[in-house]
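Dear colleague,

Please find the structure below, handed over for your records. My findings follow directly after it.

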Amino acid sequence: MTYTGNVNRFHNCLNELIFVNRLFLLSEANFLPVKVMQTWSLVSICVLLGVVVRWGVSLNSYSGAGKAPMFGDYEAQRHWQEVTYNLPLQDWYFNTTDNDLNYWGLDYPPLTAYHSWICAYVAKMINPEWVELHKSRGYESPAHKLFMRATVLVADLLIYIPAVVLYCLYLIDASSKKKVSILFCFLLYPGLILIDYGHFQYNGVSQGFALWGVLALGLGWDVLGSMAFCLALNYKQMELYHALPFFCYLLGKCVKLGLMGRGLFLLVRIAVTVLVTFALCWLPFLSDPNWALQVVRRIFPVARGLFEDKVANTWCSLNILIKIRSILSRDSQLYLSFAFTLLAVLPSALRLLTKPTFWQFKLALANSSLAFFLFSYQVHEKSILLAALPVCLLLNDLPLMVIWFLQASTFSMLPLFLKDGLLVPYVVTSLAFLFFSIYLLSALEHCSEDELRLGAYHKLFFCLPKMDLAHIVRWKFYISIAAMAGLSIVSAALVPPPHLPDLFPVLVSATAFLHFLGTFIYLNIVQFSGPPSRRSQKKNN
């Protein structure tokens, strides 16, 4: 009887456990859709706020507004629409009586030209005067400004913003709340917003395609990722900043899989995809080799020189002390920049080639783009956006350092914003990004040596007494933000001495250069350290 009673009690307990388990699974199944809906509701709010901020900035001035005869980038984009709509394709990149290349001649790859043609087609239906050949030069009106701003927003909604949303939701290892916070900060990055919706460009298109490529590789869709990045490269040639990490990651993955088996099959598929994508993008220009060669000449303008304006890279900063452009010939400048860029990017690329993980890929993207910005030929101040995109991918891993860099990258373009009359949106968006990113990501709370990945510094400087590096980094962050704020106020409020008209732009570029060089060194050290520990990830999440 005792034995039978025990068996009965055991069965009763087992049945109760099964019932509780089923009840739990049922409640969890009912709760999961609610949780997913809540997440997507928050995502929708973030996207809506991102759109509102973008449209708010678009209400301000733009590059070259009312400044004849050349105007600015706004007129360049409008002029490309005029050219692509009215002229035959073979004349788009050639200097003709109807296409003066000295007046904002088309100097981007074919996808940009096709995009301009599509915009022009819509513009023609709304108001033919906007793209009328010759007569529309320098055209400005509130209605046309509204149209041009809308084209940027539509491109972002179709390409850039969906890629950001999917990356944050599917490739960030964090809680739903943290993912939404990162998404909001990503979309609120002021540098890209001020350039695309203030100054006026379509950087969101090329960056969106590049991000689709990153997303596809992160999900294991290597062929689709290759195609997406080819589209980015065929929209803006500056996407070459990201090309080497894509190449090394995919090649390293193929080698890891085995070049005598699955790896070779993957390599062939990727190669075919790249060739077909490029062929389709360039197809109209391939019927005549001279057409294709002229496009190449236009998109790689070697004659423009080592750098333009006061850009926060090595050569412009060094030019303050040593007049490089006066001392060296143009060819020597080209070879020098090529050598330094190669040396700067090679360690990161080789590390990725031997360790083709997604973590290494993200770091290599940031390091490669920073190496190109700091050392390559013909760099614009706006090119820092190419480094900002991969740095944004690290918001969950290194929040404080990423926020710091993104703030510095926006600050580096201050002279351009002042020139375009964008001081107010610069101040508002920069302060909003700084506040929300630090608050939502708890950046100042999660900045221990482990979370900042500063352990390697102790090994590098073993001869020095042990210091609290996290404390030093926090104070450097405070001082840096104060310095950028002070220089922003001085640049906007004071007039430089007559004998030093470029004093403030030079101070801004030199200060930003120190930030970028420091970030480049830091991220290279992080890349050569181990992968992020689970402990630090849990703390961040």
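Serine 44 counts as partly exposed because its relative accessibility is 46%; buried means under 20% relative accessible area, exposed over 50%, and partly exposed in between, with a 1.4 Å probe and protein chains only. The model is a predicted one, in which local features need pLDDT of at least 70 and side-chain atom pairs count only at pLDDT 80 or more, while totals for chains, interfaces and linings use all residues. Residues are numbered from 1 along each chain as its sequence is written, and side-chain values use heavy atoms, with hydrogens and water left out.

Serine 44 belongs to helix H1, residues 2-58. Helices (H or I, at least four residues) and strands (E, at least two) are DSSP runs, numbered from the N terminus. A polar atom of the serine 44 side chain lies 2.8 Å from the backbone oxygen of tryptophan 40. Between serine 44 and valine 180 there are 9.8 Å in space, C-alpha to C-alpha, and 136 residues in sequence.

Arginine 149 is situated in helix H4. Arginine 149 is buried yet forms no salt bridge (a side-chain nitrogen of Lys or Arg within 4 Å of a carboxyl oxygen of Asp or Glu). The nearest side chain of opposite charge is that of aspartate 420, 8.6 Å away; Lys and Arg count as positive and Asp and Glu as negative, while His and the chain ends are not counted. The arginine 149 side chain does reach the backbone oxygen of glycine 198, at 3.2 Å. Leaving out residues up to four places away in sequence, arginine 149 touches (heavy atoms within 4.5 Å) several residues, among them Trp55, Asn60, Tyr62, Asp196 and Phe200.

The largest nonpolar core has 159 residues; such a core is a set of buried Ala, Val, Leu, Ile, Met, Phe, Trp, Tyr and Cys residues joined through side-chain atoms within 4.5 Å. Helix H4, residues 142-170, gives the most to this core, with 14 residues. Tyr167, Phe186 and Phe516 have the most contacts inside the core. Beyond its neighbours within four places in sequence, phenylalanine 516 is in contact with residues including Ala312, Leu370, Phe373, Ile384 and Phe405.

As to the whole chain, the secondary structure comes to 23 helices and zero strands. Of its 541 residues, 51% count as buried. The C-alpha trace spans about 110 × 60 × 55 Å along its principal axes. Among contacts between residues at least 6 apart in sequence, 77% join residues at least 24 apart.

Yours sincerely

Terms used. A polar contact is a pair of N or O atoms within 3.5 Å; within protein, one must be able to donate a hydrogen and the other to accept it, and residues adjacent in sequence count only if both atoms are side-chain atoms.
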